[in-house]
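Try each task before you read its solution.

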Amino acid sequence: MNVVVIGAGLSGLMAAQSLQAQGHNVLVVDKGRSPGGRLATRRIGTATLDHGAQFFTVRSEEFAKHVDAWLQQGVVREWCKGFATADGHSRFVGVGGMNAIAKHLATSLEVRCNTLAFAIERGATTAWRLKIDDGSFIDADALIVTCPIPQAYALLVTANVQPPDELLATEYHRTLGLLATLDAPPNVGSPGGMQDPDDTFSFVADNQAKGLSISPAITLNANNAFSLQYWDYPPDEIHAMLIERAKPWLGTANIVESQVKRWRFATPATIWPDRCWHNEQLVLAGDAFGGPKVEGAALSGLTAAKALSE
Ligand SMILES: Cc1cc2nc3c(=O)[nH]c(=O)nc-3n(C[C@H](O)[C@H](O)[C@H](O)COP(=O)(O)OP(=O)(O)OC[C@H]3O[C@@H](n4cnc5c(N)ncnc54)[C@H](O)[C@@H]3O)c2cc1C
């Protein structure tokens, strides 16, 4: 089969790799400049900061097999076994940033970035054709759509398929984040990460203590309540508010440079009971199916590939 996967986040890349290993021709398209989606790592000056997913855990044997291979290949490493208290469960990160996992998977795949999928239509000679934002079409025997559900919904309008209304209504939590380079290490403490440290933030990371950045840099991701409340405020006000609330975590360090990052579809608020939805060689997958985490996205991608091969 010629399979087109929309989205080069973890779910799309895992699906693509699995299908390619079975001998299918697979093309992955993504609207972003590089693969990874919410596995996002950014450079500011000499600093490197993770600004989407901060770490991941492993609960299933299926995901563990992939993570073991990544550990052996030097793609991921253990960061710690807990934040405020060690609970014995490993927290893993990408070596060089969370985005390294996506880069690794993309190496062996055909991934076309800067390519926005615009609409899915029925094909004349193949089951589907995908309209790209430049007006061209890509023919496909099968399609896997891994973007957040509201974005997938927009693509399906012209496809004449009807996923369940409850699925299409999936809501997403938002995240407003502050990325800042500093003149000294921040006040985050070992191992360089804090989960839900106060009323504003859901995660605060010292990217240097985490072993990612060669110079001091902090990531502060605000929780859904804060992000929802201030989402529509003017960008300058959001920036100033985040800097004010970041102060306890900066300690004596001063901000050298800072940016606000907005994730409109940060994590799904509800999870579909199956790991993907499929109909007529069209599969919807992503963390809204597998669970709102790195592992959930990976498992959904793998299940999507299986659904097409059956
Ligand atoms: C701020 C933040 C913190 C998080 N922290 C953690 C954490 O610490 N641990 C954890 O396990 N998980 C965390 N998560 C969740 C985790 O990042 C996600 O569950 C996972 O990465 C989702 O992968 P995905 O492939 O389903 O979706 P995505 O990574 O979103 O991939 C979808 C891809 O589709 C592309 N796309 C969308 N529309 C189109 C279109 N029309 N045409 C072409 N391409 C398109 C996008 O560019 C994107 O690359 C966090 C997420 C965020 C945002």
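**Exercise 1. Find how far apart the two domains lie, and how they touch.**

Step 1. The C-alpha centres of domain 1 and domain 2 are 31 Å apart. Domain 1 is made of 2-34 + 98-170 + 270-309, and domain 2 of 172-268; these bounds come from an automatic or database domain assignment.

Step 2. Now look at the contacts (heavy atoms within 4.5 Å). Five residues of domain 2 are in contact with 10 residues of domain 1.

A word on the basis: this is a predicted model, in which local features need pLDDT of at least 70 and side-chain atom pairs count only at pLDDT 80 or more, while totals for chains, interfaces and linings use all residues. Residues are numbered from 1 along each chain as its sequence is written, and side-chain values use heavy atoms, with hydrogens and water left out.

**Exercise 2. Describe the shell around the ligand.**

Step 1. Count the residues that have a heavy atom within 4 Å of the ligand. There are 32 of them, and the closest are Ser11, Asp30, Arg38, Phe55 and Asp287.

Step 2. Sort them by class. The shell holds 15 polar, 12 nonpolar and five charged residues; Ala, Val, Leu, Ile, Met, Phe, Trp, Tyr, Cys and Pro count as nonpolar, Asp, Glu, Lys and Arg as charged, and the others, Gly among them, as polar.

Step 3. Ask where they come from. Domain 1 and domain 2 each supply at least three residues. Strand 16 gives the most, with three residues; strands here are DSSP runs of E with at least two residues, helices runs of H or I with at least four, numbered from the N terminus.

**Exercise 3. Locate backbone polar contacts to the ligand (pairs of N or O atoms within 3.5 Å).**

Step 1. Start with the ligand's nitrogen: one such atom is 2.7 Å from a backbone N or O atom of Phe55.

Step 2. Turn to oxygen. A ligand oxygen atom lies 3.3 Å from a polar backbone atom of Lys293, and a backbone N or O atom of Val294 is 2.8 Å from a ligand oxygen.

Step 3. Check the cover. On its own the ligand has 1,000 Å² of accessible area (Shrake-Rupley, 1.4 Å probe), and the protein covers 91% of this.

**Exercise 4. Is Ser300 buried or exposed?**

Step 1. Ser300 sits in helix 9 (residues 294-309).

Step 2. Ser300 is buried because its relative accessibility is 0%; buried means under 20% relative accessible area, exposed over 50%, and partly exposed in between (1.4 Å probe, protein chains only).

Step 3. The Ser300 side chain reaches the backbone oxygen of Arg275 at 2.6 Å.

Note on methods. Polar contact = N/O pair within 3.5 Å; in protein donor to acceptor, adjacent residues only side chain to side chain. Near = heavy atom within 4 Å.
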